[in-house]
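Q: I would like to learn how to read pockets and aromatic contacts. Where do we begin?
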Amino acid sequence: MKIEDFKNLTFALVKDEPIISPPKFTPLLADPTVLLPNETPDKKWHLFAHTVFGIQHYVSENGIDWKKNKIFKRAAMRPFICKEGNQFYLFYEKYNGLKTIFSFLPGIKWFSQIEFMTSVDLVTWSTSKIIIQPTLPFHQNETLGKSVSNPCLIKIGNKYRLYFSSSLVKIPDCGFNEPLHITYAQSDTIDGPYTCATTPVISPEKTSRWNNLGAGSMKVIACEDGYVAFQNGIYEHNGISGSAICILFSVDGVDWNYLKEAPVLKPNPEIAWMASHIYACDVKCYKNKMYLYFNARNHAHWSKGSEHIGLAVADF
């Protein structure tokens, strides 16, 4: 596909209800990442997402109806899965202890790093390896802590480019933090070492309707003539925060602009579970359709909101 082909995509929900709801004892299930049947050993769909306790694994026959497998990585969040040869690589943000539960408390500073694990069967996994730590000034906030998160890997020629979010910003009406910047690191091999870019590629802009508080996260797709990205910027409008998924484009993968002025998916007050924020997504092409998995929030504040996973599909 070319960049221009993404401009005409129209995404529609497969159903108005979530396709997956949070398990017991956790108010959220977030940041889905998906493998297609033609990628997996058992020819099924596989989805990874996180709760407040860790990364959860789901399996499906059709990409819509999912069965919970297990939590297999605790104190980890925001996963991204990809395949290289016959091996699967699961990248994720690793943090300490139960900080997702207590991060709203004053004086609690966040610290996270990006790690990965490998598997050949999606059942048995290697030990984890650290690949990105928050070492640069724009990876950290003096008050809120140090953060690198939301990994997304693409291959450019013989190089591997890992996009990720960095640093934090407090969202007042939510009572919790969101990613401030998006940046990247590059390596000659998929397992590193990675060299971090010295500046962000996306930061919030006060004049932006959809990206004036934080850059959120993005998933990048290589095209014939450049790159597109599905980004969920964090914004404030009329005193209320929100998040919506917009399509960006770039010739070099570094300088990004909006491909379309309007989001492809935004909060909908008429659908309760996605009334407040539309967050991180994963995008996959399968049998002439583009599948956009996302998580959505029903209420801004941490004490009232919950997050579920939904699916929107577009023909191409």
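A: Start with the term. On a 1 Å grid over the protein atoms alone, a pocket is an open set of points with protein on both sides within 12 Å along at least five of seven lines. Its volume is the space filled by probe spheres set on the points. Here the second largest pocket has a volume of about 530 Å³. Lining residues have an atom within 4 Å of a point.

Q: What should I know about the model?
A: This model is predicted: local features need pLDDT of at least 70, side-chain atom pairs pLDDT 80 or more, while totals for chains, interfaces and linings use all residues. Residues are numbered from 1 along each chain, and side-chain values use heavy atoms, without hydrogens and water.

Q: How are the rings of Phe11 and Phe230 arranged?
A: A pair of aromatic rings is described by the distance of the centres and the angle of the planes. Rings of Phe, Tyr and Trp (its six-membered ring) pair if their centres lie within 6.5 Å; planes under 30 degrees apart are stacked, over 60 edge-to-face, the rest tilted. Phe11 and Phe230 have centres 6.1 Å apart and planes at 85 degrees, so the pair is edge-to-face. Phe230 is buried (under 20% relative accessible area), at 1%. Phe11 is buried too, at 11%. Phe6, Phe11 and Phe230 form one aromatic cluster.

Q: Which pair does Tyr163 form with Tyr184?
A: A tilted one: 6.0 Å centre to centre, 50 degrees between the planes.

Definitions and conventions
1 Å grid on protein atoms, 1.4 Å probe; cavity = no way out; pocket = protein on both sides within 12 Å on 5 of 7 lines; lining within 4 Å. Buried < 20%, exposed > 50% of the residue type's maximum accessible area, 1.4 Å probe, protein only.
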